[in-house]
Amino acid sequence: MMSIRNRKTIRKYSDKIVSEELLNKLLEEAEHTPTMGNLQLYSVIVTRSKDGKKALAPAHFNQPMVTEAPVVLTICADFRRTSTWAENRKAEPGYDNFLSFMNASTDALLYTQSFCNLAEEEGLGTCYLGTTIYMPQMIIDTLKLPKLVFPIATITLGWPDEEPNISDRLPLSAIIHNERYEDYTPEKINDYYTEKENLKENIQFVEINKKETLAQIFTDIRYTKKDNQAMSKGMIDALKKQGFI
């Protein structure tokens, strides 16, 4: 497999189609991902039509790759299929709870990553949209998701039409804890984040936004407490409507 060290997020795609044969091959191969209880607690909504992508775009803050990519995949945590199977086989399902949501979400995210790895190995480009859980009710309404189905991840997919830089990553020492969790001291934070903060593009990012530090970009602009609280409420409301809490 191509080294994951070389992977890049692709937001611009060529007009070349992604064949149904190739897409189905990748979707099937990704089914070999580990899964809770061998239940495969996920479903994938494939959107190819212009109208379908246009309808999804507002839930993703109208990011252009949603409408420009040949394919948009919405990967859902899905306990409806398993529950319906149980009900049709003289079994009583008990999956209308938060634990079941977490199990299905884990399955969905593992499947998503496997699919991305496989797609990129074929030369396709992907972009993972974290906005999926920001506006879940809009996606639920657009895709007509029934109870016990919840959108977890969205992937735009196509043949790359750009060559972006590889995203920077923290050193391994920043994420590894031996035997027990070792809390982060100011000295360790300096060691782990100084290189990231001194990247030319990040220095410019701070200057353009008239901030003092890179951290303030994330706390004051990109992921604010106010937005996080509002979207958390929206997610909880959607989880209630979908029967998970």
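User: Is F79 buried or exposed, and what relative accessible area does F79 have?

Analyst: Residues are sorted by relative accessible area, computed with a 1.4 Å probe on protein chains only: buried means under 20%, exposed over 50%, and partly exposed in between. F79 has a relative accessible area of 1% and is therefore buried. This is a predicted model, in which local features need pLDDT of at least 70 and side-chain atom pairs count only at pLDDT 80 or more, while totals for chains, interfaces and linings use all residues. Residues are numbered from 1 along each chain as its sequence is written, and side-chain values use heavy atoms, with hydrogens and water left out.

User: Which aromatic pair do F79 and Y95 form, stacked or edge-to-face?

Analyst: Rings of Phe, Tyr and Trp (its six-membered ring) pair if their centres lie within 6.5 Å, and planes under 30 degrees apart count as stacked, over 60 as edge-to-face and the rest as tilted. That rule gives nine aromatic pairs here. In one of them, F79 and Y95 are stacked, with 4.4 Å centre to centre and 15° between the planes. F79 sits in the loop between strand 2 (71-78) and helix 4 (80-87), and Y95 in the loop between helix 4 and helix 5 (98-121), so the pair ties together parts that are 16 residues apart in sequence. Helices (H or I, at least four residues) and strands (E, at least two) are DSSP runs numbered from the N terminus. Y95, at 30% relative accessibility, counts as partly exposed. Elsewhere, ring pairs join F98, F101, F150 and F244 in a cluster.

User: How do helix 8 and helix 9 cross, and within what distance do their axes come?

Analyst: Two packed helices are described by the angle between their axes and the distance between the axes. The axes of helix 8 (residues 200-208) and helix 9 (residues 214-222) come within 9 Å and cross at roughly 50°. The axes are lines fitted to C-alpha atoms over the stretch in contact, and angles run from 0 to 180 degrees between N-to-C directions. Angles under 35 degrees count as roughly parallel, over 145 as roughly antiparallel, 65 to 115 as roughly perpendicular and the rest as oblique, and helix 8 and helix 9 are therefore oblique to each other. On the contact itself (heavy atoms within 4.5 Å), N202, F205 and V206 in helix 8 meet L214, I217 and R222 in helix 9.

User: What phi does K144 have?

Analyst: Most residues other than glycine have a negative phi. K144, although not a glycine, has a positive phi of about 55°, and lies in the loop between helix 6 (136-143) and strand 4 (149-158).
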